[in-house]
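Thanks for coming. I have one structure to show today, and I will keep it short.

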Amino acid sequence: MSVTIKSPKEIELMRESCRLLSIVHEELGKIIRPGISTWEIDKRGEEIIRSFGCVPNFLHYEGYPASICVSVNEEVVHGIPSKKRILKEGDIVSLDAGLIYKGYHSDAARTYGVGIVSPLAQKLMDVTKQSFFEGIQYARAGHHLHEISVAIQKYCESYGFGVVRDMVGHGIGTHLHEDPQIPNYKPIGRGIKLRPGMTLAVEPMITAGGYEIAWLDDDWTVVTADGSLAAHYENTILITDGDPEILTLPASRNA
Ligand code: MF3
Ligand code: CO
């Protein structure tokens, strides 16, 4: 599949898909507390998505069994929600969610602390989130894709954190995963030239240790190979003639 340029009409549908997803995240952020199960988070997320008349795009994607990926501590991404997994004070939890609105996909992730977390966990979450903003300074027409990747990597590694290499961001639109792949580290070459109308999911996955990952026996949950903590922050963005539009953040915070 080649990189798609969305028409003004498609951009409107992407905006709405992403706006609704930002509400899902705002609501889920409010229920994170010690004692809640990761299953409850998934159920609430699915309920909100369906209340909009939308469909959770992760559910049954390549067999994934839930609507929200809930990844705790050393879990990087794709954690499977479970009634037995109860969040406790000091955990960090990444929520990755997406939905389909009138055929258009949105995708975003946030990492939260559960109650009070260690200074290291807080730093990891802060740096992971900020690295997204460092990266998208280069998400401008005429720049090359890998400028985003390099900026994310430099920022995170300057704090001694690990940048996951085996998982990448992606184009998004009528499919959850479209071209191009968007690494969070410097790959070979400079990548495609960015053009207005591209919609991209930029998603740093960062660890407090090494960048190597492993899979649990459920064949989904990605964990850090060294057991270090991991954080994930993702938004769907639009390349414009000027500043990128962060579609999955509420408009008021989209400077
Ligand atoms: N946000 C994830 C991504 O960008 C989607 C989760 S994959 C699923 O790849 F299978 F869990 F849906
Ligand atoms: Co994604």
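This is a predicted model: local features need pLDDT of at least 70, side-chain atom pairs count only at pLDDT 80 or more; totals for chains, interfaces and linings use all residues.

Start with the metal. Which residues donate to the cobalt ion, ligand 2? The protein donors are D107 through OD, H170 through NE2, and E203 and E234 through OE. Their distances from the ion run from 2.0 to 2.2 Å. Along the chain, the donor spacing reads D-x62-H-x32-E-x30-E. D107 belongs to strand β5, residues 104-113, and H170 to strand β7, residues 169-171, so this pair ties together parts that are 63 residues apart in sequence.

Now ligand 1. The residues around ligand 1 are F58, Y61, Y64, C69, H78, D96, D107, H170, H177, E203, W220 and E234.

On the nitrogen side, a ligand nitrogen is 2.6 Å from an N or O atom in the side chain of D96. On the oxygen side, a ligand oxygen is 2.7 Å from an N or O atom in the side chain of H177. For E203, the distance from a ligand oxygen to a side-chain N or O atom is 2.8 Å. How much of ligand 1 does the protein cover? On its own, ligand 1 has 330 Å² of accessible area, and the protein covers 95% of that. The space that ligand 1 takes up is the largest pocket.

Next, T199, which lies in strand β9, residues 199-202. T199 is buried, with a relative accessible area of 2%. What does its side chain contact? The side chain of T199 makes a polar contact with the side chain of K6 at 3.1 Å. The T199 side chain also reaches the backbone oxygen of I172, at 2.6 Å.

Last, F133. This residue lies in helix α3, residues 119-136. Its relative accessibility is 25%, so F133 counts as partly exposed. F133 and A151 are separated by 18 residues in sequence, and their C-alpha atoms are 9.3 Å apart in space.

That is what I have; I am happy to go back to any of these sites on the screen.

Note on methods:
Residues are numbered from 1 along each chain as its sequence is written. Chains are lettered from A and ligands numbered from 1 in the order in which they are written. Side-chain values use heavy atoms; hydrogens and water are left out. Donors are N, O and S atoms within 2.8 Å of the metal (3.2 Å for Na, K and Ca); water is not among the atoms, so sites may look incomplete. Helices (H or I, at least four residues) and strands (E, at least two) are DSSP runs, numbered from the N terminus. A residue is near a molecule or strand if one of its heavy atoms lies within 4 Å of it. A polar contact is a pair of N or O atoms within 3.5 Å; within protein, one must be able to donate a hydrogen and the other to accept it, and residues adjacent in sequence count only if both atoms are side-chain atoms. Accessible areas come from the Shrake-Rupley method with a 1.4 Å probe; for residues, only the protein chains shown count as cover. On a 1 Å grid over the protein atoms alone, a cavity is a set of points where a 1.4 Å probe fits but cannot get out, and a pocket is an open set with protein on both sides within 12 Å along at least five of seven lines; lining residues have an atom within 4 Å of a point. A molecule sits in a cavity or pocket if more than half of its atoms lie within 2 Å of its grid points. Buried means under 20% relative accessible area, exposed over 50%, partly exposed in between (1.4 Å probe, protein chains only).
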